[in-house]
Amino acid sequence: MSDYVGTVTNIGLAKIAAAIGGTALNLAIIRVGDGNGAPITPNPTMTDLVRRVGAAYPIISSGRDPVNANFWRVTALVPVEDGPFDIREIGVWDAAGDMIAISRHVLVEKRSPAQGAAVELLTDIVFPVAETAQVTVQVHPSSSTSILQVLRAGFTVVESAVVTAPPGAPALGRTHVIPAGATGAWAGLAGYLAQWNGTVWVTVDVPAGFVVVAMDRAADHAQRWLRRTAAGWVGATAAEDAFGVARFATLAEHAAGASNALAAHPAGIRAMIDSFASRPNLLINGDFQLNQRGFAGGALASGAYGLDRWKANGASNLSVAGYVLTLTSGEIVQMVEPGLWGTASLASTTLTLSVDDPSQDLTVTIGSTVGAIAAGAGRRSVTLVTAAGDAGNLPVKIKRTAAGAVTFGRVKLEVGGSASAWRARPATEEALLAARYAWMIKPGSGSSRIAIAQLVDDGSVHFNIELPTPLRTNAPSVTVGGGGWYRGGVSSVLTTGVTAAGVHGNPTFGHTLLSVRFSSPTTSGAPYASSILSVDANSSLFIDAEI
């Protein structure tokens with residue numbers, strides 16, 4: 001607590017307690033003292049100042065502190081002619097002559113006109129008073145002073161800026177901005193501030209630049225904060241060409257960057273930095289653009305892959321239009337390989353999964369941890385912490401929470417407790433990442449050579465193909481599609497299928513060679529070199545190394 005907040009005396013505590021639902025506490029005067037030449041230490045047992053100086057000064061303003069409603073602020077004016085003396089302490093008395101509170105005062109050297117210094121001092125004491133206590137103040141008309149002296153900070157709190165009729169029984173110190181069309185004691189004073197001093201409404205035309213906050217308006221109202229101008233009161237919201245009041249932007253407003261009247265804060269700046277410095281997406285084909293298998297949409301058996309890297313978990317039905325996936329039923333899953341992203345495990349890790357524009361609520365499962373993404377426009381996310389047992393390849397599953405179809409797009413999984421902006425990898429990079437798990441060789445025309453082969457004495461054909469990226473495993477599945485393949489020189493004889501396939505080299509580092517063996521209906525004979533050519537435009541060789 002500040003050294004200059006008043007201490008309520010024992011007598012004051014008793015009277016404040018009595019004022020809660022009982023007899024009102026009637027404050028009357030303020031006195032100051034010099035502390036007998038030294039700073040004082042207020043004590044609840046005190047009944048007077050250490051040493052009084054000056055006179056008993058009538059209270060000119062009193063009311064709840066605008067910053068803390070549990071404190072009461074009482075103000076008095078020490079006139080020009082008083083002095084000379086120093087002020088180191090201040091106290092407030094009630095009408096019964098008892099000191100209610102005492103406070104240390106910042107040292108003020110009050111000089112008199114005879115010393116060549118005409119100092120008029122406006123001073124106050126702030127002390128705790130329960131919100132339910134009844135407090136009244138004796139205000140002496142002879143002590144009346146312009147409220148402009150009280151409003152010395154260039155800012156104050158007002159009850160309203162739209163009430164046109166002066167309230168009938170206002171609390172002491174209540175202040176209003178007088179609007180156009182005011183009546184009664186406020187008639188003809190549009191733009192003035194009016195403050196109730198306990199007897200009359202005291203009004204003043206404050207200078208341009210003065211700011212008020214209207215308590216009868218919502219916190220987000222455009223004119224809750226008002227600034228006085230030569231033309232009248234205007235909204236005090238900050239702008240590029242004007243100083244003013246600005247509220248802190250939300251994280252979403254930071255990201256949107258659409259307003260120049262909101263204040264940034266550390267968390268929002270961090271969110272913006274994160275959005276620009278987008279973290280890597282641990283999912284491959286998160287925008288559903290890779291479709292080497294030529295999946296046309298529709299039913300997908302449990303465990304079957306449709307789009308690259310995405311398979312069904314249970315019987316499912318899905319389709320893609322543009323960058324949006326429609327999951328009509330079931331669940332999709334992608335297995336994340338931690339080693340691909342430079343880590344041995346993603347167990348006990350904070351991960352955030354985000355999507356674009358989910359039309360319905362989604363259930364997300366990462367490893368063994370389950371969360372939800374609420375339906376809505378824009379980027380939506382859920383942050384989960386994987387379990388300690390979620391080691392090895394990590395399944396990431398997405399389905400609609402309720403029955404029925406759901407649409408969403410651009411799925412991203414990243415390390416961290418917040419979702420950063422979607423950033424697509426270059427298409428060639430994304431294709432190479434996907435080729436680690438599956439690669440389709442499809443020349444697109446007949447009689448296209450894909451390799452030089454060796455016919456061996458048992459009638460089979462052996463050939464090698466250099467892979468664009470290391471495969472996940474040295475033992476992929478290789479299948480023939482379309483019209484199949486034939487070996488050069490014997491164009492009428494088709495190979496009958498793959499009987500063996502394997503990868504030579506390290507599947508994690510460097511280039512690898514796929515070694516394929518085709519059976520052939522030709523009779524055995526002396527080995528010789530040949531070619532492997534496509535039969536038609538649909539001939540394909542699919543290398544599957546998926547998890």
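These notebook entries record what I looked up in a predicted model of one protein chain.

**Entry 1: confidence.** I began with the pLDDT values. The chain averages 84, and 82% of its residues score at least 70.

**Entry 2: nonpolar cores.** I asked which residues of the largest nonpolar core touch the most other members. They are Leu353, Ile366, Phe408, Val411 and Leu413, in a core of 30 residues. I next listed strands that each supply at least two residues of this core; among them are β21 (350-356), β22 (362-366) and β26 (406-415). Strand β26 gives the largest share, four residues. I also recorded a second, separate core, which has 24 residues, including Ala19, Tyr57, Val78 and Ile125.

**Entry 3: leucine 353.** I looked up the contacts of this residue, leaving aside neighbours within four places in sequence. Leucine 353 is in contact with Leu283, Ile373, Arg380 and Lys412, among others.

**Entry 4: a four-stranded sheet.** I traced an open sheet with the strand order β9-β13-β14-β15 and mixed pairing. Its edge strands, β9 (155-158) and β15 (232-235), each pair on one side only. On average, neighbouring strands are turned by 30° against each other, direction ignored. I noted for reference that strands of a sheet pair through backbone hydrogen bonds, either parallel or antiparallel. How do β14 and β15 run, parallel or antiparallel? They run antiparallel, and four bridges join β14 (residues 225-229) to β15. Threonine 229 stands opposite glycine 232 in β15.

How values were computed. Residues numbered from 1 in each chain as written. Predicted model: local features only at pLDDT ≥ 70, side-chain atom pairs only at ≥ 80, totals over all residues. Heavy atoms only, no water. pLDDT = per-residue confidence, 0-100. Core = buried A, V, L, I, M, F, W, Y, C linked by side-chain atoms within 4.5 Å. Buried < 20%, exposed > 50% of the residue type's maximum accessible area, 1.4 Å probe, protein only. Contact = heavy atoms within 4.5 Å. Pairing = 2+ DSSP bridges. Axes fitted to C-alpha atoms, helices over the stretch in contact; angles between N-to-C directions.
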